Amino acid sequence: VTPSGPVHTLALNRPAALNSFTGALHAELLAALEAAAANPAVRCVVLTGTGRAFCAGQDLADPAVAPDLTPGAAPKDLGTVIDTLYGPLCQCIRSMPVPVVAAVNGVAAGAGANLALGCDLVLAARSASFIQAFTKIGLVPDTGGTWLLPRLVGRAQALGLALLGDRLPAPEAERLGLIWRCVDDDALQEQAQALAQRLAAMRTKALFATGQALDAAALMDYGQALAHEAALQRTLGASADYREGVEAFTAKRAPRFTDR
């Protein structure tokens, strides 16, 4: 964890294993995210990796998922791994009261790819790549992949990525709309921090409500979405921060939001 004023940077730190997930890494990341969510001084989180990878997905040598090759041994229950590890982590990121920016510094494969895609904004180094590696070991996309992929790039592209499991370079990921931006490698962390500082200066309740509203609208008709927007504006507009925003806009100065 690297705090920088209102921005907390969390770096996955198993570089020798390409930051692949073990039970211990799950626990550490979830605890760090929960601490950031509970800290009123934190207004944005940056998630990145150390070394040459963002996250290579699940460490297949982890006893929780490694098949027992002993004849007659019971198979591993991968559903329990999803329920107890990946599910809580994904839900935590999705429900964070502050924006989460993924700074993808290298390969993001399998669960690592979808961990990044589940963040609010994704910046990727030009040399980075995204791989839906699940079918290569006989599985389906998880870590929210089946929900995220078609919403980000449409069903045709989502199926191509998921079925074939090919490497998708970051520039192509940006072109498809899978990520927000692709930037030069040596500018990634600086630009991620600049983006996070920009978000941290904004009204966090409005940012959170915007993401929730976009997700909810996918299950609504047009009239329901209009009504939902009215309900959100009614709540957000009743606050001192709305008045501050209008006053700052009128005075042509930067607003000073105080909510969390």
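S4 and strand S6 (residues 107-109) run parallel, joined over 2 bridges. Strands pair here if DSSP finds at least two bridges between them. Helices (H or I, at least four residues) and strands (E, at least two) are DSSP runs, numbered from the N terminus. Within this pair, Cys55 stands opposite Ala108 in S6.

The model is predicted, so to speak of local features requires pLDDT of at least 70, and side-chain atom pairs count only at pLDDT 80 or more, while totals for chains, interfaces and linings use all residues. Residues are numbered from 1 along each chain as its sequence is written, and side-chain values use heavy atoms, with hydrogens and water left out.

Now widen the view. S4 and S6 belong to an open sheet of 4 strands, ordered S4-S6-S8-S9, with mixed pairing. Strand S4 (53-55) and strand S9 (167-169) are its edges, each pairing on one side only. From one strand to the next, the twist averages 20°. Axes are lines fitted to C-alpha atoms, for helices over the stretch in contact; angles run from 0 to 180 degrees between N-to-C directions.

Another open sheet has 6 strands in the order S1-S2-S3-S5-S7-S10, again mixed. Strand S1 (2-4) and strand S10 (181-183) each have a single partner strand, so one side of each lacks a neighbour in the sheet. Inside, strand S5 (residues 100-104) and strand S7 (residues 121-125) pair in parallel over 4 bridges. Val104 has Ala124 in S7 as its bridge partner.

Helix H1 (residues 23-38) packs on this sheet, touching strand S2 (7-12) and strand S3 (44-49). Contact means heavy atoms within 4.5 Å.
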